[in-house]
Amino acid sequence: MAFFKNRYKPISEWKKRLLTDVDKEHAHRGSGGLMNEIYQLIEKLAATSGQFASLLQDPLLDSLLFNKKNDLIKKLTATDFSKISTVYLGAHLVHARSMSENVHFVHLASDFLHKPPASIPKGAVFILLNNDIGKDLPAYIDFYNKNPQALFVIWDWDSQHWLQMSALCAIHCDVYISASSETVFALSHFNPCVIGPVFACVHQWSRTFVLNNLELLLSERADGPFGMHVHYEKYARRNRAIASVMQHFPAVAFANNDFKGRSDLENLKEWGAYKTHWIMPVLGGVPIRVYNALLTGGIPILPAFYQNMPEVAYLGTSPLYYDLNGLVEPHEIAKSAINVFNESGENGLIQRVLDGLARHHADTRCNDILLRVQRAVDGILRNDYAFHDSYLSTYHA
């Protein structure tokens, strides 16, 4: 017991040992040296993490999971979902196409909650993004509750930074899918049927549209990098990163969401006009722009922490990775990215486009989701407690 008591002292008792000589001097002078301030920050983070973990222990969440699992079993028993044939997709997935002749995709309008589809067949599946329902959540919850003959799948693209919406989505669906691996544990407390994660995808253009405009993607490109990012006040570190890099490259800057008002062709031209793409995520998830960059043939420049996340396992060898030093002096890594693009040549560009269509397009993701949902449903009905799924094996297939 004495060993553990001495070993697990509060950080405040250890920090003086770990301060550098300079920082010790600052600390003794009462100026609060850099390391001293960092240790205080760590203590605040630990307190916040402890509070979050404590909230997840609430027995209310156990009751929620127990009841939702029983309700899901009743739904799967009452309606046959063994052969899914009709799939309703939210408006953000308008360019997704079925890859099975036995499955028909029905594309919903953005205001479908105000004009619900009539005569929803038994055994139908809805695949909706958090963005499809977030703006009118009460109407969605009512729609969900009124259609027990359908299976509702929420694919949460903002799971890494919108916890309130993510938890509400998880509660009010049959199958919840996170787009980020780092939040799966927390969100599993709100739904007993969590599959995936299934990462975000290219959804701006249809597969046919990209192939029909392949010649555009083979045109001469600027050295770049390209990186227009929306300014979010609450993510100061990201904003600092963008502000640092934009001092060096004019095509890296703060922007608004005006791309939503452009045509598909205009957006494709913009993405295909640069050899490289500097990408700065909000938090830990892989944003859509990573997949846009790859599918349009560019070289993504990504934050170094991605190398320690499972998401990176199927991004291939094209991306390069920057650390904090690279944000301060970005020319070296930008030059390396240009070299990767140039050395790969036209064949490399075409291969990136084809790989992007095969691995990161909405078609692939939606059909992957259907396979996962089918396996999950079958497993629940068989009381099969073994694990038969792996997103890594899917993407490396």
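Colleague: What percentage of the 397 residues in the chain do buried residues make up?

Modeller: Buried residues make up 47% of the 397 residues, where buried means under 20% relative accessible area, exposed over 50% and partly exposed in between, with a 1.4 Å probe and protein chains only. This is a predicted model, in which local features need pLDDT of at least 70 and side-chain atom pairs count only at pLDDT 80 or more, whereas totals for chains, interfaces and linings use all residues. Residues are numbered from 1 along each chain as its sequence is written, and side-chain values use heavy atoms, with hydrogens and water left out.

Colleague: How many helices and strands does the secondary structure come to?

Modeller: The chain has 18 helices and 11 strands. Helices (H or I, at least four residues) and strands (E, at least two) are DSSP runs, numbered from the N terminus.

Colleague: And what share of the contacts with a separation of 6 or more comes from residues 24 or more positions apart?

Modeller: That share is 66%, a contact being heavy atoms within 4.5 Å.

Colleague: Let us turn to the strands. Is β3 mostly covered or uncovered?

Modeller: Strand β3 (residues 125-129) is mostly covered, with 5 of its 5 residues buried. V125, I127 and L129 point one way, F126 and L128 the other, and all are buried. In a regular strand the side chains alternate between the two faces of the sheet.

Colleague: Which residue of β3 is the bridge partner of V87?

Modeller: The partner of V87 is V125. Strand β1 (residues 86-89) is joined to β3 by 3 bridges, and the two run parallel; strands count as paired if DSSP finds at least two bridges between them.

Colleague: How many bridges pair β3 with β4?

Modeller: There are 5 bridges between β3 and strand β4 (residues 151-156), in the parallel sense. I127 has V153 as its bridge partner in β4, and L129 stands opposite W155.

Colleague: Which residues of β4 are buried on each side?

Modeller: L151, V153 and W155 are buried on one side, and F152, I154 and D156 on the other. Thus 6 of the 6 residues of β4 are buried. Strand β5 (residues 175-178) runs parallel to β4 and is joined to it by 4 bridges, with I177 as the bridge partner of W155.

Colleague: What is the strand order in the open sheet that contains β10?

Modeller: The order is β9-β10-β11, with parallel pairing among the 3 strands. β9 (276-278) and β11 (320-322) stand at the edges with a single partner strand each, so one side of each is left without a neighbour in the sheet. Neighbouring strands are turned by 25° against each other on average, direction ignored.

Colleague: Which helix packs on that sheet?

Modeller: Helix α16 (residues 331-359) does, touching β9, β10 and β11, and its direction makes about 135° with that of β10. Axes are lines fitted to C-alpha atoms, for helices over the stretch in contact, and angles run from 0 to 180 degrees between N-to-C directions.

Colleague: At what angle do α5 and α17 pack?

Modeller: Helix α5 (residues 59-78) and helix α17 (residues 362-381) pack at about 100°, with their axes 10 Å apart. They are therefore roughly perpendicular to each other; angles under 35 degrees count as roughly parallel, over 145 as roughly antiparallel, 65 to 115 as roughly perpendicular and the rest as oblique. K69, L72, I73, L76 and T77 of α5 meet V377, I380 and L381 of α17.

Colleague: How many salt bridges does a search of the whole structure find?

Modeller: The search finds 7, a salt bridge being a side-chain nitrogen of Lys or Arg within 4 Å of a carboxyl oxygen of Asp or Glu. One of them joins R207 and D363 at 3.1 Å, N to O. This pair links distant parts of the chain, with R207 in helix α10 (residues 207-212) and D363 in helix α17, 156 residues apart.

Colleague: Why does R207 count as partly exposed?

Modeller: R207 counts as partly exposed because its relative accessibility is 23%. D363 is buried, with a relative accessible area of 4%.

Colleague: Which residue forms a salt bridge with D368?

Modeller: R372 does, with the closest N and O atoms 3.0 Å apart. Both residues lie in helix α17, 4 residues apart, about one turn of the helix. D368 and R372 are both buried.
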